[in-house]
Amino acid sequence: MSGAGRNGIARAYTGARRHPWVLGKLGDWTVPFGPYTPAQLVVLGGGAFALIKTYAFWSWAGPVPIVLWIASVWAVRGAQIAGQNPFTALAGVLVLLVRHPAGRVGGRIARDRQSSRLRCRFVISRAPEAHAAAAPSETLPAVTVPVGTAASGSGLSRLLAGAGRGAV
């Protein structure tokens, strides 16, 4: 039997589609007027707490504060800050405030290295002797500078002049 006549259907759902980040939805059943995002639940709970604790201050206004509270719960349903939900944006701000100002390199706090002395020496020595097979016309004459003479010109010429003091 060949499989040429059958068409297979394959479906792949992302995690967001399988488990949307909303609360109050189970299968086909949803909470009344829901489902709610976490931002809506924070406004709902925080607003209810604030309204209960401050009832003495707003009771003269009638249902206006309650209507504003419900409108604010509805308004934050799709709230985004720079394309992120408010909790992720708040977490980013908190991480920014807590981290070290120098930043991190390789998981460790980036620090400037302590200064240290550079300890090195250099030696100026004579050039190796010319080979015995070389003609005498190819060798360079030794340059001698009197001890009391000051060398003029660049630093290199003064260095070379000082190196020739012990010559001959």
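Is alanine 82 buried or exposed? Let's start there. Alanine 82 has 80% relative accessibility, so it counts as exposed; buried would mean under 20% relative accessible area, exposed is over 50%, and partly exposed is in between, with a 1.4 Å probe and protein chains only. Its place is in the loop between H4 and H5. It isn't a glycine, yet alanine 82 has a positive phi of about 55°.

Quick note before going on: this is a predicted model, where local features need pLDDT of at least 70 and side-chain atom pairs count only at pLDDT 80 or more, while totals for chains, interfaces and linings use all residues. Residues are numbered from 1 along each chain as its sequence is written, and side-chain values use heavy atoms, with hydrogens and water left out.

Okay, the overall layout. The protein has 6 helices and 4 strands; those are DSSP runs numbered from the N terminus, helices being H or I with at least four residues and strands being E with at least two. Along the sequence the pattern goes α-β-β-α-α-α-α-β-β-α. There are 168 residues, and 10% of them count as buried.

Now, what lines the second largest pocket? Here are the residues: Phe33, Tyr36, Gln40, Leu44, Ile70, Val73 and Trp74. So what's a pocket? On a 1 Å grid over the protein atoms alone, it's an open set of points where a 1.4 Å probe fits, with protein on both sides within 12 Å along at least five of seven lines, and lining residues have an atom within 4 Å of a point. The volume of this one is about 180 Å³, meaning the space filled by probe spheres set on the points, which are joined across faces, edges and corners. H4 (64-75) and H2 (38-53) each supply at least two lining residues, and the largest share, 3 residues, comes from H4.

Last stop: helix H5, residues 86-98, where leucine 94 lies. At 47% relative accessibility, leucine 94 counts as partly exposed.

That's my tour. Thanks, everyone!
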